[in-house]
Amino acid sequence: MNYKLRSDLQEALLLCKGAFLSAAAFSLVINILMLTPTIYMLQLYDRVLSSRSESTLVMLTLIVIVIFITQGALEWVRSQILVRVSAKLETLLNKRLFIIAYKQSLYTGGQQASGQALDDLTSLRQFLTGNGLFAFFDAPWLPIYIALMFFFHPYYGWAAIFSAIILIILAIINEKSTHKVLEEANALAGKGRALVNKNLRNAEVIESMGMMEDIHQRWLKGSEKVLFLQAIASSRAGLITAISKTLRMLFQSLVLGLGAYLAIQQEISPGLMIAGSILLGRALAPIDLMIGSWKGFVLARAQYARLNNLLTQIPKDKDKMSLPEPKGSIRIEKAVIAPPGAKVAVIKGISLNIDVGDSVGIIGPSGAGKSTLVRALLGVWPAASGKIRLDGADVFAWDRKELGPHIGYLPQDIELFEGTISENIARFGELDSEKVVAAAKMSDVHELILRLPEGYDTVIGVTGGNLSGGQRQRIGLARALYGNPTLVVLDEPNSNLDEQGEIALAKALAQLKQSKVTVVIVTHRNSVLGSVDKLLMLNDGEMIAYGPRDEVLASLQKKQGPAATQKNTPTTLTVPVV
């Protein structure tokens with residue numbers, strides 16, 4: 001039962017359990033070998049100096065050299081284990097987190113487009129390979145070192161306990177004084193990064209209207225607060241780190257003095273006097289290192305918590321059974337649709353049927369819910385209640401990878417991805433040149449592409465490079481038509497088109513109708529209405545009218561009155577706002 005409750009992050013760490021245990025085993029051997037300087041010093045004072053034996057000195061030194069080489073090799077192996085563990089951890093989770101980031105952007109219309117989760121995974125991986133983690137592997141051996149100090153002399157043991165308690169108290173103070181401050185600073189820094197990303201996407205608007213200085217000042221307020229909080233945390237941590245190092249050196253010196261006193265009293269040998277100081281320094285080193293790297297540990301802990309919560313909140317998609325290729329029949333059953341995270345429904349209980357091969361135009365005033373309905377038709381946004389069915393199956397029951405090639409979608413805001421034009425048209429799948437050219441010709445953009453410097457191999461940036469809005473829109477239309485989809489959804493397909501583009505769009509719609517492709521078009525322009533069979537009129541999320549185009553137009557004209565009928569012809573009809 002508990003197995004099912006684990007997040008993907010916990011499962012991934014569990015898969016790496018063997019490697020962590022191996023690293024712990026290496027830490028055991030390494031910490032035993034770290035006693036070498038203490039034992040070597042003890043032997044030099046108590047055996048070599050008293051016997052003045054050069055052969056003993058040589059043999060002990062050779063043994064120490066071999067042990068140090070072995071220790072260095074083991075530490076390298078331990079570090080390589082953690083490097084491979086961190087790489088495995090990222091390999092296990094990076095696809096899952098990429099999909100989560102994609103879904104966050106998908107369900108919020110790009111408002112939460114962020115790579116924070118992937119950044120957290122990378123930072124967590126880097127922490128696993130840093131020195132801070134080694135301190136946590138070495139710290140559990142502190143009781144063993146203290147026990148050995150007691151074996152040297154009880155005073156040594158109590159001095160070690162006192163020193164360890166003081167440093168542990170400092171570590172707790174460090175945690176209490178920096179945790180909340182760093183947490184707040186990191187949260188503000190995340191908001192600042194999101195604000196910068198959003199501003200960069202709107203750089204043209206900012207520059208054209210001289211908004212840069214005001215936008216910068218707005219960002220600067222948050223940035224200054226982040227710097228202030230980080231400065232407070234760093235100042236506190238720096239002070240505690242300095243105190244910790246000073247006290248560790250002081251305790252080592254005091255133990256050396258204690259050893260000298262005990263040697264004078266002939267309770268220990270001179271060798272134990274030096275060995276005790278070295279051993280105490282080794283025992284306290286992990287605590288000192290933990291205090292010095294506490295900021296990294298706090299960040300790693302926050303990153304782990306964020307990743308764990310994210311992976312728990314957004315579960316992995318279940319495998320879906322393959323369905324037959326869709327034919328394009330759509331049935332909407334009392335669908336209530338709200339943007340993800342919104343409490344108010346935009347589409348309010350719509351029911352209608354779209355038959356295979358129908359061309360449906362969706363009209364209505366701005367804010368009527370047209371784009372929201374389109375996103376639900378495509379299965380991008382879920383219905384709060386009711387169903388949207390494609391060929392009888394809930395559109396969310398389809399495997400997106402299998403359904404995608406049968407769907408063509410042209411959004412309002414055309415986004416072309418970094419790559420060649422041919423790759424964009426082919427949707428970055430397997431490149432079929434015949435299909436690419438066929439889609440380009442159908443959208444009447446073939447000749448335009450051939451005139452570009454590299455033709456279909458012309459590389460464009462994420463914003464379409466030097467292409468105009470109309471050119472991007474026609475390439476986006478070619479992408480939507482690639483592979484002969486059975487359902488094509490066009491959201492304001494002629495918003496950036498000139499007269500030639502309008503003619504090309506009309507030809508493409510005629511070819512789709514001839515091929516019995518189901519087409520849904522959102523438009524504010526009357527020029528497209530001549531290409532559709534049916535009209536859907538929306539207003540405030542409700543269906544005002546739906547049916548054959550001419551009947552709906554006649555009904556709307558009748559509602560507007562005789563004046564509207566005399567003023568408008570069928571080709572220039574102003575779509576009424578109800």
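A: Asp533 and Lys513 are joined by a salt bridge, with 3.3 Å between their closest N and O atoms; the term denotes a side-chain nitrogen of Lys or Arg within 4 Å of a carboxyl oxygen of Asp or Glu. Because Asp533 lies in the loop between strand E10 (518–522) and E11 while Lys513 belongs to helix H20, the pair ties together parts that are 20 residues apart in sequence. Helices (H or I, at least four residues) and strands (E, at least two) are DSSP runs, numbered from the N terminus. The model is a predicted one, in which local features need pLDDT of at least 70 and side-chain atom pairs count only at pLDDT 80 or more, whereas totals for chains, interfaces and linings use all residues. Residues are numbered from 1 along each chain as its sequence is written, and side-chain values use heavy atoms, with hydrogens and water left out.

Both partners are partly exposed: Asp533 has a relative accessible area of 29%, and Lys513 has a relative accessibility of 32%. In this scheme, buried means under 20% relative accessible area, exposed means over 50%, and partly exposed lies in between (1.4 Å probe, protein chains only).

Lys534 takes part in two further salt bridges, which are described in turn. With Asp355, the side chain of Lys534 meets at 3.9 Å, N to O. This pair links distant parts of the chain, 179 residues apart: Asp355 is in the loop between strand E2 (347–354) and strand E3 (359–363), and Lys534 is in strand E11 (residues 534–539). Asp355 counts as partly exposed at 44% relative accessibility, whereas Lys534, at 18%, counts as buried. Lys534 also forms a salt bridge with Asp358, where the closest N and O atoms are 2.9 Å apart. Here too, distant parts of the chain are linked, since Asp358 sits in the loop between E2 and E3 and Lys534 in strand E11, at a separation of 176 residues. Both Lys534 and Asp358 are buried.

The search of the whole structure finds nine salt bridges. Elsewhere, a network of salt bridges links Arg331, Glu333 and Arg389. Lys334 is found in strand E1 (residues 330–337). Although Lys334 is not a glycine, its phi is positive, at about 45°, and the residue counts as exposed at 63% relative accessibility.

The surroundings of H20 begin with its packing against another helix. Helix H19 (residues 469–481) and helix H20 (residues 499–514) pack at an angle of about 10°, with their axes 12 Å apart. The two helices are therefore roughly parallel to each other. Their contact is made by Arg474, Leu477 and Leu481 of H19, together with Gln500, Gly501, Leu505, Ala508 and Leu512 of H20. The axes are lines fitted to C-alpha atoms, for helices over the stretch in contact, with angles from 0 to 180 degrees between N-to-C directions. Angles under 35 degrees count as roughly parallel, over 145 as roughly antiparallel, 65 to 115 as roughly perpendicular, and the rest as oblique. Contact means heavy atoms within 4.5 Å.

Asn484 is found in the loop between H19 and strand E9 (487–491). Its phi is near 55°, a positive value in a residue other than glycine, and Asn484 counts as exposed at 65% relative accessibility. Gln473 and Asp413 are 60 residues apart in sequence and 8.7 Å apart in space, C-alpha to C-alpha. Asp413 lies in the loop between strand E6 (407–410) and strand E7 (419–420) and is exposed, with a relative accessible area of 61%.

Helix H5 (residues 54–107) holds Ile65, and Ser86 also lies in helix H5. Ile65 counts as partly exposed at 43% relative accessibility, while Ser86, at 2%, counts as buried. Leaving aside neighbours within four places in sequence, Ser86 is in contact with Arg125, Leu128 and Thr129.

For the chain as a whole, the protein has 22 helices and 12 strands. Buried residues make up 43% of its 578 residues. Of the contacts with a separation of 6 or more, 74% are between residues 24 or more positions apart.
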